Amino acid sequence: MKYKEFIDIMEEIAPTEHYQDIDNSGPQIYSGAQDIDKILVCLEINMSVLMEAADVNADLILTHHPLLFTPQSVISFNDLPGRYIHWSINLGVSVYSAHLSFDFAADGNNSYMAKLLGLVNVEPGGVSNAWTGEFPQPMNYYQACRHVERALDLPENYIRCVDAGRTDIKKVGLCTGAGGSYIPEAVKAGCDLFITGDLKLHEAQYAKASGISVIDAGHYGTEKIFTENMAAQVKKIAFERGLDVDVIMSEANTNPYTL
């Protein structure tokens with residue numbers, strides 16, 4: 001696969017044009033290689049990912065979280081992300097990030113989480129940038145918590161939950177990553193439950209007082225699904241176009257938390 005062909009595929013999967021002023025989705029580092037034979041897909045870059053890229057001889061790392069999110073005035077090996085930039089260039093590995101462009105893409109993070117949860121009547125942007133859907137059958141609070149853990153392949157008791165006293169949970173709002181700011185809109189939309197990560201205390205207090213249950217499955221917990229989803233989409237389009245490229249799902253641990 002040519003580098004330009006890869007860029008074309010990414011713009012098809014997760015168009016960047018609407019997020020250029022608020023995000024840094026797109027090319028992060030370009031090594032100069034015209035041919036892309038191996039792509040390593042991961043949630044974000046750390047040293048384990050870079051070592052894995054070296055081991056599999058990857059030409060490009062495709063991430064969700066940008067390696068470069070804000071402008072850098074100094075690139076130093078002694079700091080981050082300078083050290084990761086140094087290693088990427090030293091390895092000759094290009095880096096591309098699909099962040100907000102993939103969160104809200106037609107088949108992006110929110111869409112994929114809705115599918116994993118088995119939601120029906122799914123509406124993209126049903127709550128601002130968050131999505132809404134329904135459980136096929138109502139669940140009680142405990143059942144909903146266990147269902148989310150299983151659907152997202154999370155350890156038992158990994159999630160944090162706000163029980164607002166709902167006995168029949170059916171309508172669900174969701175936003176992967178940190179989406180607590182959408183809770184007021186989820187309340188107005190009549191959601192019984194909102195699923196996101198990085199819930200703040202005041203957001204949890206508001207939810208409980210407003211009568212909407214919340215499941216905080218963590219930023220990592222709600223977005224680790226990026227790797228399998230993105231890898232599958234790139235593989236599918238490359239195959240359909242007869243492009244020869246090996247798309248590898250990273251096995252490196254990028255979860256900074258210890259259970």
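Colleague: Which helix holds Tyr-3 and Phe-6, and how many residues apart are they?

Modeller: The model is a predicted one. Tyr-3 and Phe-6 both belong to helix 1, residues 3-13, and are 3 residues apart, about one turn of the helix.

Colleague: What makes Phe-6 and Tyr-96 an edge-to-face pair?

Modeller: Their ring centres are 5.4 Å apart, with 85 degrees between the planes.

Colleague: Which parts does the pair of Phe-6 and Tyr-96 tie together?

Modeller: Phe-6 lies in helix 1 and Tyr-96 in strand 4, residues 94-97, so the pair ties together parts that are 90 residues apart in sequence.

Colleague: How do you know whether Tyr-3, Phe-6 and Tyr-96 are buried or exposed?

Modeller: Buried means under 20% relative accessible area. Tyr-3 has 13% and is therefore buried. Phe-6 has 0% and is buried, and Tyr-96, at 2%, also counts as buried.

Colleague: How many aromatic pairs does a search of the whole structure find?

Modeller: The search finds 4 aromatic pairs. One of them is formed by Tyr-3 and Phe-6, at 6.5 Å centre to centre and 35 degrees between the planes. Planes under 30 degrees apart would be stacked and those over 60 edge-to-face, so this pair is called tilted. Ring pairs also link Tyr-3, Phe-6, Tyr-30 and Tyr-96 into a cluster.

Colleague: What makes the charged end of Arg-83 sit over the ring of Phe-77?

Modeller: The charged end is 5.7 Å from the centre of the Phe-77 ring. The distance limit is 6 Å, and the charge must also be within 35 degrees of the ring normal. Arg-83 is counted as sitting over the ring.

Colleague: What is the strand order of the open sheet?

Modeller: The sheet has 5 strands in the order 1-4-3-2-11, with mixed pairing.

Colleague: Why are strand 1 and strand 11 said to stand at the edges?

Modeller: Strand 1 (26-29) and strand 11 (246-249) each have a single partner strand, so one side of each is left without a neighbour in the sheet.

Key: Residues numbered from 1 in each chain as written. Predicted model: local features only at pLDDT ≥ 70, side-chain atom pairs only at ≥ 80, totals over all residues. Heavy atoms only, no water. Phe/Tyr/Trp six-rings, centres within 6.5 Å; stacked < 30°, edge-to-face > 60°. Helix = DSSP H or I, 4+ residues; strand = E, 2+ residues; numbered from the N terminus. Buried < 20%, exposed > 50% of the residue type's maximum accessible area, 1.4 Å probe, protein only. Pairing = 2+ DSSP bridges.
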